[in-house]
Amino acid sequence: MFASESNIKKRVVSILFSVFIFIAFVFVETFVFITIIQKIKNHQNAPSTFMSIFLSIVSAIMVLLAIMQARKLFFNKKDIEQLTIHPVKSNQIILSKIIMLFFSQYVLGFSFTFPLFVAYGVIFHKFASFFYLALFYPMLSFIFEVGLALLLVYPFHLCIDFLKKHLVIQFIVSVVIILGFCIIYGAALNIFMNLVAKNQIDQILNVTSIDKLIAIKKWLIPMNFLADLFILGQPLKFVFYLLVALGVFTLGLSVCLVSYNYFRNVNIQKRVKTNKVHKFRFSKPTTALIKKETILLFKNSNYIFSFTGLLIMQPFLMYLVISSMNTIFTTGLFAYYLSFMPSFLPMIDLLLIILFSLIISQGANRFLESENKNVRLMKTIPVRFKRQLYVKTFIPFMFSVVSLLISVLVLCISKVVSFKYFAFDLIISMIVLFMYTYVSLYEELKTKKDHQRNYLLSSLYGYVLPLIYIIVMIVLSYFRVSIYVLYGIGLSFFILVGLPFIITFPRKVDELFLKMEVVN
Amino acid sequence: MKKKNLIILLLMPFVISLLGIVAVNVSFHKVDNDIAAIEWEYNEKEAFGTKGRMKLQANAIVDNDYQVSEGNELVWEVKNADGATEPHAKIEQINGEYYLVPISAGEVIVTCRNQKGNVSKTMRVTIFDSSVSGGAIVINPAIRSSNDNIDVYYRKDEESNQNVLENNVYYGEYDLKDGHKVLASFNFNITTQPAELKTSLFVKAKSDNIDFDLTTGKVTVKKEGDAYFTIGCGNDLAADKTEYFKIVNDGINVYSFEDLMYCTNKSTNGEIVVLRKSFESSDTFTSSVAKKYNNVALFGTNTKKDDAYGLTDQVYRFETTYNHEYIDKWNEFVKTKTTYKPLSTEVITGLHVQKDFYGNGYTINFHNLTYPYGVQKITDEGSNQVFDVATLTDKNLFRGPLSFYTLGDPANMPLITAFGQDNSGMYVDGNNIVINDVNIKNCDDVKIFSNLDYVGTVMDIHGDNVTVKNSRLANGKNVIRSFSSMNLTLDNCAFSRSRNFLFVTGSNEYEKIDETATKEFVLEDGTNTNASAKDFLKQVEGNEVNGDSILNNYVMGEFTDKEKMETSLLSIQSALNDTTGIANNFKGETTINNCYFYQSGIASIALESLFNGPFLYSKVPSGIENMLGMLSMDDTPVIPYIAENISGVSYPVKVKISGNTSFYDYKNRSGLDLQGLISENISALANSFEQVGSTGTDVPKITIDNIFPMKNDLFEVNQEKDWLYNGSYINIPVAYYGGGANLSKVEFVNYRDMAHLGDAGNPVEINLLKNYLDLETGKNDGLLKMMKNLMLKTVTVVTGFEPFKFICMNGKDGYLYGKTFTTSEMRNNALLQGE
């Protein structure tokens, strides 16, 4: 019934870590906000317009988060199954869930928006009442945000369900969505680079474009009303906001009530599953394993969005981000700042290449976790554990390497990265990727039943070590150490830190696999 | 987690680039604005009987709704047009309204002006004796006149033997029809008071060179020359009325933008322009005021800002006549490094004028062409006022002057750019050209001078024996520029509101140093040595003592004896200033007679010479190149190219100032703004070091006044000599600008205000070098402070070490302070021209 002492400790550490990450995120958000506001504070109408739009973007994110959370709260089959056996009325269930939603949304909303209000208030010397009223902003924004989330949660749930049942459509839709996102991202980044990095910020902050932003703000109903109330002190806008927000909330609540009851009463009925008869085809174990892993990558919805789709888009995304970063660092004041470190740019490019390939490959590094109860089968089938595990890791690794190779080639061909560095970038990234893959597998093998996987080692290998390496190399660059020496250090460093692991892991793998606890 | 990581990665470019934005400069220097014009319903000529009184009504037009300064309230005045000693009418003010009260029959000139008198409008009113059933004939051109002529003259009336004041009205011999010249014709509206008299009118006389049809009021030109027609009235019910005008030989009447282009930019050899309309900005053209009249045309082919008003294909482009050695060398360099963009040597002008130009008092406003199309509303930190700050968009054709020299990548935040030739509104290109009675401005009035940074020069003159007279030129980075033009005459003109100078002159010609000739140099220890410039100023490594090592010690602050260092540096400058065959060999000469200089950002007149520092000659001190050469990104240097041997010694020019030429150009310390002189990012960069380098608060912020530290010295000298008005206002008629040898001369000939010039018109010297020598080395105060000082000193080795010179007004008694030129004074001057 009670968790063990070590579990409590781990949970506390985990919570503290999450809180730290969250605080860091809010800190960065606020820092960026302050930096921008400080730079545009003398532009008439720009700060208030920017603040309104910033708050509207936060609201949009809050709506998305609320939809996710509401789906978990309202359309969770296990939850419904458990509740149906208890004499609790639907209204009570919904009320309790909404209260739950309110608290989580308020805390989140408050954390995101209050620092912005404080920053804005301090910069523009607002009275104490401004700061006090800001406490109520997330409370009021909740009405609309959650109203909209409740309105959309069931259609969203249906869509997800539909896609889960139609794998081909799911794959196509996923790829199309990711492609669409990449195109929009690329276009937005291109415009942004032209305007900001190429010293054309005047074109963003001139009267015409600010008027356009104000025009855009007008359409951000009803959050613009709420923002105007808090930033510009226009009380009449509060009435407008309440009318719209309460309307949406009432509608959302009604739709959610109906769909929740429908889902609970009709859709939850257990259906008798008709067992499909599969034909058996004989193939060699390794071939069968490779086939199985490949199919898993392309048919599993989790993989498509977080791995396969991104893998396809990796060259495009990597090109966009790295070329933009190069533009930023070679123009304006940055060019002067960073010119004291001639190798800064290739090192940053290398870091970005590593990060991209790791983050995307991370989507497929739940090798055993994704098997769920099938791990039991893995233990019992007459195929060597090592072979099973190596196939499991090799397939996604191979796809990642192919994507990485294409990406780095694209960067070189498009002259974003010099061909002189092609081999170094590719080899170092591959080494880090390789290490990361096997450390991830090691972490999974070490994970005990009903325990969360500990990502410390993989994070260390995948993120911390490359980051330390790049920082040290940039410092060395200040002292005019040759770029080739820096790359040489990188190669040696990553091989050396990985070597002990490479040597010991094969010896431990059998033992770890055997010790691994499984669910019957 | 993984998705969040990806999102962070994708957001990174947006966030980081925002951190790199440079905040805008938020310190503005306001300009005292005057009204832009006066609007009224009256024709050029009106008539009024002796009975009763005539209510006078007019409105002030203010550009961009700016609040105008004191002295801009409208007032009315009247004077006799004929030579009668007794007034024919007077102005009465009753309950705040103005009335023209007739006294006796005759002709009067009624003027509405601002109190200052620099903006006015006039009409000619015939007072007729209404007590004897008399009347009057009124003749007005069908297309309204400007009502703003400066060019006036006395006509000797043979009948009365009196001098009668008349406007010099010009018509061209030709009109343009379907792109061809045809003999001109134009119409007059002929009315009578009372209206019934019209049936009794007849043509009494006319000159031989025109035909005149009374029914239609149409004049058809037969040939050039003075012209007139006289209309009489039967039974002598009204006095005869004669219309006088001049037909300009080969002149073309310009009524439209197409006509204007035909005569200027689209013409190989140019045509004589006779303006018959004003050419205005889109805002003015589409305003309700302009729509009421028929004498305003648009400068441009359409009113679309996004299409640059259709001007892209209409402007005239030519290769700069100024030194463009740097641009050529940069472009050669760029051929081997495609990552950098080449620079253009092309200058743009709104009007390419190659023949005489008759303005008839009309206005040409180049705002559509010159003014940045973007606007930012910025709050001034000092006054908390919001200003409209003009910003370039990608559609703008005028984008600032060409570069004479740039240290850094010209397209990517160069450290410093010294300017070459700027774009211009009007480019007068040719010999023996007369520009007469035209009101030109490069843009609408501005509230802050920094908005003039990109608008270019109002009039750029390139030719000999050019005369600009009876004209008003305003609103430019520089207002009028003349380089290598002999016998330029500026007569009875008003030059107003410039970012830098109102008149800037110099020569395009220069002589390069004789590299092999032996020169005398003074070493740091005070000993002399003889060497060629080529040898002495070459870059050296190690401990060899030569110009390079001396200059290295100077920029790095590695010296103890300032005087010896100064002597040594001046000997280097002296060697670079090889004036053999240059002194007194004037390549430009200007006579300024009865002209008015009003509101400059720095000084009224500038005599410019090339920057000629040792760094431009041979890239010495080498420490700068070594230091800046270290700045690189991934094998790509931030200072990709440093040009050498691009300058020389400018040939001098001479300026004669005479008559009633007046300098209405007082400014206080904040009003003297040097920011328009050069483009620099040294201050932004050096000041940002402070933000990133945690150097503490002891490192002072760099501003243009550190880079060109002449403001403090100028005020100090004026303070010492007790020339400042009220202890804080300075008036600088002439500045000798450029750190190389400046051998130009200013002469005052029959000049009214000699007594008001400080030191009898002799210039005071501002030795910038002393400031730099006094600069703390910063060696013991950290790298960043040392870098800052090095960057500042880099400016001197680029410009040269010669002192800047200034002729100042002795303004202690406030002579001309708070005053302006007046149009009535200009009209009086115009009368003197005929004598």
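1. Before you read on. This is a predicted model, where local features need pLDDT of at least 70 and side-chain atom pairs count only at pLDDT 80 or more, while totals for chains, interfaces and linings use all residues. Residues are numbered from 1 along each chain as its sequence is written, with chains lettered from A and ligands numbered from 1 in the order in which they are written.

2. Chain A overall. You'll find 19 helices and zero strands here; these are DSSP runs numbered from the N terminus, H or I of at least four residues for helices and E of at least two for strands.

3. A helix crossing in chain A. Have a look at helix 16 (residues 385–413) and helix 19 (residues 483–515) of chain A: their axes come within 10 Å and cross at roughly 95°. The axes are lines fitted to C-alpha atoms over the stretch in contact, with angles running from 0 to 180 degrees between N-to-C directions. That makes the two helices of chain A roughly perpendicular, the word for 65 to 115 degrees (under 35 is roughly parallel, over 145 roughly antiparallel, the rest oblique). Helix 16 of chain A brings A:Phe385, A:Lys386 and A:Leu389 to the contact, and helix 19 of chain A brings A:Val509, A:Asp510 and A:Phe513. Contact here is C-beta atoms, placed from the backbone, within 7 Å.

4. Where the chains meet. On the chain B side 42 residues are in contact with 50 residues of chain A. Helix 1 of chain B gives the largest share of that side, 14 residues.

5. Cores. A nonpolar core is a set of buried Ala, Val, Leu, Ile, Met, Phe, Trp, Tyr and Cys residues joined through C-beta atoms within 7 Å. The largest has 283 residues, and B:Val274, B:Phe495, B:Ala735 and B:Phe806 touch the most other members. Among the residues that B:Val274 touches, leaving out those up to four places away in sequence, are B:Tyr170, B:Val248 and B:Tyr358. A second, separate core of 50 residues includes A:Met51, A:Phe74, A:Phe144 and A:Phe249.

Conventions: A residue is buried if 20 or more other C-beta atoms lie within 10 Å of its own, exposed if 12 or fewer, and partly exposed in between; C-beta atoms are placed from the backbone. Two residues are in contact if their C-beta atoms, placed from the backbone, lie within 7 Å.
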